[in-house]
Amino acid sequence: MVTGGYLYPWDADGDPACGARLTGLGIRRAAVAAAYHSVRALTPRHPRHKVVTAEHAAVYFRPDPDRWSGAGRLRPVEAPWSPRSFGRAAEALADAGVEVYAWTVLAHGQRLGVRHPDVAVLNAYGDRYPWALCVASPAVRRYCATLAADTAAQPGLAGLELESCGWYGFDHLHAHDKVAGVPLPPSARLLFSLCFCPHCQDGYRAEGADPRALRAAVRVALDPVLAGTAPDAALDPETAAAVARMRVRTAAGLRRAVLAAVAAERPRLPVLLHAQPDPLGFGPSPGLPPEETGAASPVLLAPTRSPAALAAVRAYADRACTDRAHAAHPVPGRRVAVTVGAVAGLGGDPADLPAWCADLAAAGAGELRFYHLGLASRQDLDAVRAAVEAVGAEAPRRP
Ligand SMILES: [Zn+2]
């Protein structure tokens, strides 16, 4: 069992004690944000600041101008509130013996969606979702692949961890959201997240569904849910199957493009994908079919105890893995990493954390990643230490 934890670059940059704090917990790896969406974050232990406000999606390294000069109109911007802090954070952590993964958010970021509305998801009612870049757009695919490769090229990396490498949708997870007035069941959330941009319309047509008729059918299915007169929304089975084929094919195309760009840059760099086994899943952890035996390994989000999370771990762990690159992993089947909630104030359950981690290990998880070691309280970190001991994790490397 390998244990890791999430950090923002500003947690480690300028805090000389950060790396030793991690190794003292038994943490071997850190996923450090290299390209990240907007956030307001507490930094309780940092000697120079206590709150960092990331005003928009940004990268924490210098984008390679040669790489981006031919990559189209979608470009990342640097973060003036913490400029080029990824490299300094990675170096400090590596010096302390912590392996660094670059945590990179791809198809989610409001800044690009506001400036280039044509690449944002367009729902069946004609509303744009600027936080959700449509992965059927060639410009978005190129941006995601270029960003992943540019991140992979950063020095000192032990691996790459990709979030939102797939469809994003209605769910935004934004602190100021006021959208919970009408509860939307999963079926309605999917229909409310279907995109009707020209590229998606082409995609539906290619699968035998007429986009105009589909758009009307989606509204007919959603209207009663939004009006509170129906509990569920559904398309007819044939149309639903066409939509599913289009969504799965498009997401797989994005993954192929991104992973090929990373492999061209760093052929043997391990890649983790935030994922869920439902092929139609969308959001920060989009669908990754368990039978897909690509070169990347899944990271599952399982913040607190749930039967569904254990089933998801088993769905991936039980698949025989034929990829030689994974042969050294300690679990049968593919390497499965799981993100667990370590912060009580963000919905984690520190009292249950050691037992939950032991259950995840028994289900086939080969790696646990604690969310989030920069945001955690001292009591949260004590629970992380207990959980690391409970699963008998591999010790951190000596610096
Ligand atoms: Zn679209």
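Reader: Where is the place of A96?

Author: A friendly place to start! A96 sits in the loop between α4 and β6, the latter spanning residues 99-105. Helices (H or I, at least four residues) and strands (E, at least two) are DSSP runs, numbered from the N terminus. Numbering of residues starts from 1 along each chain as its sequence is written. The model is predicted: local features need pLDDT of at least 70, side-chain atom pairs count only at pLDDT 80 or more, and totals for chains, interfaces and linings use all residues.

Reader: How do I read burial: is A96 buried or exposed?

Author: The idea is to count other C-beta atoms, placed from the backbone, within 10 Å of a residue's own: 20 or more is buried, 12 or fewer exposed, and anything in between partly exposed. A96 has 21 such atoms, so A96 is buried.

Reader: Which residues have a positive phi although they are not glycines?

Author: R84 is one of them, with phi of about 50°, and S164 has phi of about 60°. R84 is in the loop between α3 (65-69) and α4 (85-95). R84 is partly exposed, because 15 C-beta neighbours lie inside 10 Å. P83 is in that loop between α3 and α4 too, and P83 is partly exposed, with 15 other C-beta atoms within 10 Å. The C-alpha atoms of P83 and Y60, 23 residues apart along the chain, have 6.0 Å between them. S164, in turn, is found between β9 (159-163) and α7 (186-193), in a loop. S164 has 24 other C-beta atoms within 10 Å, which means that S164 is buried.

Reader: Which residues does a cis peptide bond join?

Author: That bond links Y371 and H372, with omega of about 15°. H372 lies in the loop that runs between β13 (367-371) and α13 (378-390).

Reader: How should I read a nonpolar core, and how many residues has the largest one?

Author: A nonpolar core is a set of buried Ala, Val, Leu, Ile, Met, Phe, Trp, Tyr and Cys residues joined through C-beta atoms within 7 Å. The largest one here has 137 residues, and V32, C144, A148, V258 and V313 have the most contacts inside it. Helix α10 supplies the largest share of this core, 9 residues.

Reader: What does V32 touch?

Author: Contact is judged by C-beta atoms placed from the backbone and lying within 7 Å. Leaving out residues up to four places away in sequence, V32 touches L7, P9, A12, F86, A89, A90, V100, A102 and W103. V313, in helix α11 (residues 307-317), is buried, with 26 C-beta neighbours inside 10 Å. With residues up to four places away again not counted, V313 touches L300, V336, V338, L360, A363, G364 and A365.

Reader: At what angle do α6 and α10 pack?

Author: Axes are lines fitted to C-alpha atoms, for helices over the stretch in contact, and angles run from 0 to 180 degrees between N-to-C directions. For α6 (residues 138-152) and α10 (residues 237-265) the angle is about 30°, and the axes are 8 Å apart. Angles under 35 degrees count as roughly parallel, over 145 as roughly antiparallel, 65 to 115 as roughly perpendicular and the rest as oblique. The two helices α6 and α10 are therefore roughly parallel to each other. On the α6 side the contact includes C144 and A148, and on the α10 side V258. By class, this contact of α6 with α10 has 11 nonpolar, 1 polar and 2 charged residues. Here Ala, Val, Leu, Ile, Met, Phe, Trp, Tyr, Cys and Pro count as nonpolar, Asp, Glu, Lys and Arg as charged, and the others, Gly among them, as polar.

Reader: Which residues of α12 and α13 make their contact?

Author: α12 (residues 353-363) and α13 pack at about 35°, with axes 8 Å apart. L353, P354, C357 and A358 of α12 meet A383, A386, A387 and A390 of α13. The contact of α12 with α13 has 8 nonpolar residues, no polar and no charged ones.

Notes
Contact = placed C-beta atoms within 7 Å.
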